[in-house]
Amino acid sequence: MQTVLFHETIFGPIHSRRLGTSLGVNLTPTDGKICSFDCLYCEAGFNAQGPGKTGMPTREQVRERLEARLRQMKEEGASLDVITFSGNGEPTLHPDFEGVIDDTIMLRDKYYPEVKISVLSNSTRITDPAVARALRRVDNNILKLDSAITPTMRMIDRPNSPAFTSEGVIDQLAAFAGNAIIQTMMLRGSHDGKPIDNTTPEEIDALIRAYRTIHPRQVMLYSIDRRTPEQALVKVPREELEQIAAKIRAEGINVTVS
């Protein structure tokens, strides 16, 4: 079984194809996965592997470990573009997510004031006022929308909540009033014998309508780059991603492809 990627709370820096030189922050366990989605393409594997035994790091542990790493990098003269919250699951599930973001902003300003703070979130917790406040304070509030059509989204992302719909989350994303970057994974393939394809004309038209409603600062289109737990998924070629992006850009929406 494919298992978690990150075995530390602070990892990297690594090169991100979308964000540059990134120091990662993992607010989920280092030996298991906790997520409100169970995406077919998740590089950290399926939720069935379990949450592990280490538990989530406390706010104090995150602050201490992040400061130690930033201080070391500063002393070594290392360059850094971004501090990125990702890891082995959904970072906004941390019970003190807002406090962690407060600490991170303080440490960023102390050691690397020019560096951006990014959060990669699956959008399931944006109705929580504390989570929404924190996301509005970071430089790159990167939120997931893999399909604007609920059945497709539920096949790809497999949300834990049966009440989670594309229509509902689109309205919630619009509440950020442009202070959001939308990340959309484009893929094809199958799961349990059922075909999956969010690149069809119907899917792209629905995404365009959703982006118009949300008014994102930017849309990030990307496809599979590493091994996925569902092996019957197919990477969308860069050329095709560019063609999809061109159709979206024609509607006045800022799109990048990676």
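User: Let's start where helix 5 begins. Which side-chain atom reaches the backbone nitrogen of glycine 168 there?

Analyst: Bear in mind that this is a predicted model. At the start of helix 5, a side-chain oxygen of threonine 165 comes to within 3.0 Å of the backbone nitrogen of glycine 168.

User: And how do I read the rest of that helix? Which of its residues are buried?

Analyst: Helix 5 runs over residues 166–174, and its buried residues are Ser166, Val169, Ile170 and Leu173. Looking down the helix axis, you find these buried residues within an arc of 105°, so they line one face of the helix.

User: What covers those buried residues?

Analyst: The cover includes strand 5 (140–144), helix 4 (150–157), strand 6 (181–185) and helix 6 (201–214).

User: Moving on past the helix, where is phenylalanine 176, and is it buried or exposed?

Analyst: Phenylalanine 176 sits in the loop between helix 5 and strand 6. Its relative accessibility is 5%, under the 20% cut-off, so it counts as buried. Setting aside residues up to four places away in sequence, phenylalanine 176 touches Ile126, Ala132, Leu135, Arg136, Asn141 and Leu143. One of these, arginine 136, lies over the face of the phenylalanine 176 ring, at 4.7 Å from the ring centre.

User: Which ring does the charged end of arginine 158 sit over?

Analyst: That would be the ring of phenylalanine 46, with the charged end of arginine 158 at 4.7 Å from its centre.

User: Now rings against rings. What describes a pair of aromatic rings?

Analyst: You use the distance between the centres and the angle between the planes. Here the count comes to 3 aromatic pairs. Take phenylalanine 6 and phenylalanine 11: their ring centres are 3.9 Å apart and their planes lie at 20°, so this pair is stacked. Both phenylalanine 6 and phenylalanine 11 are buried.

User: What about phenylalanine 37 and phenylalanine 164: how are their planes set?

Analyst: Their planes are at 80° with the centres 5.5 Å apart, so you'd call this pair edge-to-face. Phenylalanine 37 is in the loop between strand 2 (20–26) and helix 1 (59–76), while phenylalanine 164 is in the loop between helix 4 and helix 5, so the pair ties together parts that are 127 residues apart in sequence. Phenylalanine 37 is buried at a relative accessible area of 3%, and phenylalanine 164 is buried at 12%.

User: Which other residues touch both of those rings' neighbourhood? Say, what is asparagine 122 in contact with?

Analyst: Leaving out neighbours within four places in sequence, asparagine 122 contacts Cys35, Ser36, Phe37, Glu90, Lys144 and Phe164. Asparagine 122 lies in the loop between strand 4 (116–121) and helix 3 (129–137), and is buried with a relative accessible area of 4%. Its side chain also makes a polar contact of 3.1 Å with the side chain of serine 36.

User: Where is asparagine 88, and which backbone atoms does its side chain lie beside?

Analyst: Asparagine 88 is in the loop between strand 3 (82–86) and helix 2 (97–111), and it is buried, with a relative accessible area of 0%. One polar atom of its side chain lies 3.3 Å from the backbone nitrogen of leucine 5. On the oxygen side, the backbone oxygen of proline 29 is 3.0 Å from a polar atom of the asparagine 88 side chain. Among the residues that asparagine 88 touches are Val4, Phe6, Asn26, Thr28, Gly32 and Ala44.

User: Let's finish with the core. Where do nonpolar side chains tend to be?

Analyst: In soluble globular proteins, they tend to be buried together. In this model the largest nonpolar core has 72 residues, and Leu70, Leu145, Tyr211 and Leu221 touch the most other members. Helix 6 gives the largest share of this core, 7 residues.

User: Which residues does leucine 70 touch?

Analyst: Not counting residues up to four places away in sequence, leucine 70 touches Leu23, Leu80, Ile83, Leu107, Tyr111 and Tyr112. There is also a second, separate core of 5 residues, including Leu19, Ile142, Ile181 and Met220.

User: Ile181 turns up there. What does glutamine 218 touch?

Analyst: Glutamine 218 touches Ala180, Ile181, Ile182, Asn254 and Thr256, again not counting residues up to four places away in sequence. You'll find glutamine 218 in strand 9 (residues 218–222), and at 16% relative accessibility it counts as buried.

How values were computed:
Residues are numbered from 1 along each chain as its sequence is written. This is a predicted model: local features need pLDDT of at least 70, side-chain atom pairs count only at pLDDT 80 or more; totals for chains, interfaces and linings use all residues. Side-chain values use heavy atoms; hydrogens and water are left out. Buried means under 20% relative accessible area, exposed over 50%, partly exposed in between (1.4 Å probe, protein chains only). Helices (H or I, at least four residues) and strands (E, at least two) are DSSP runs, numbered from the N terminus. The arc is that of the directions from the helix axis to the C-beta atoms. Contact means heavy atoms within 4.5 Å. A polar contact is a pair of N or O atoms within 3.5 Å; within protein, one must be able to donate a hydrogen and the other to accept it, and residues adjacent in sequence count only if both atoms are side-chain atoms. Rings of Phe, Tyr and Trp (its six-membered ring) pair if their centres lie within 6.5 Å; planes under 30 degrees apart count as stacked, over 60 as edge-to-face and the rest as tilted. A charge sits over a ring if NZ of Lys or CZ of Arg is within 6 Å of the ring centre and within 35 degrees of the ring normal. A nonpolar core is a set of buried Ala, Val, Leu, Ile, Met, Phe, Trp, Tyr and Cys residues joined through side-chain atoms within 4.5 Å.
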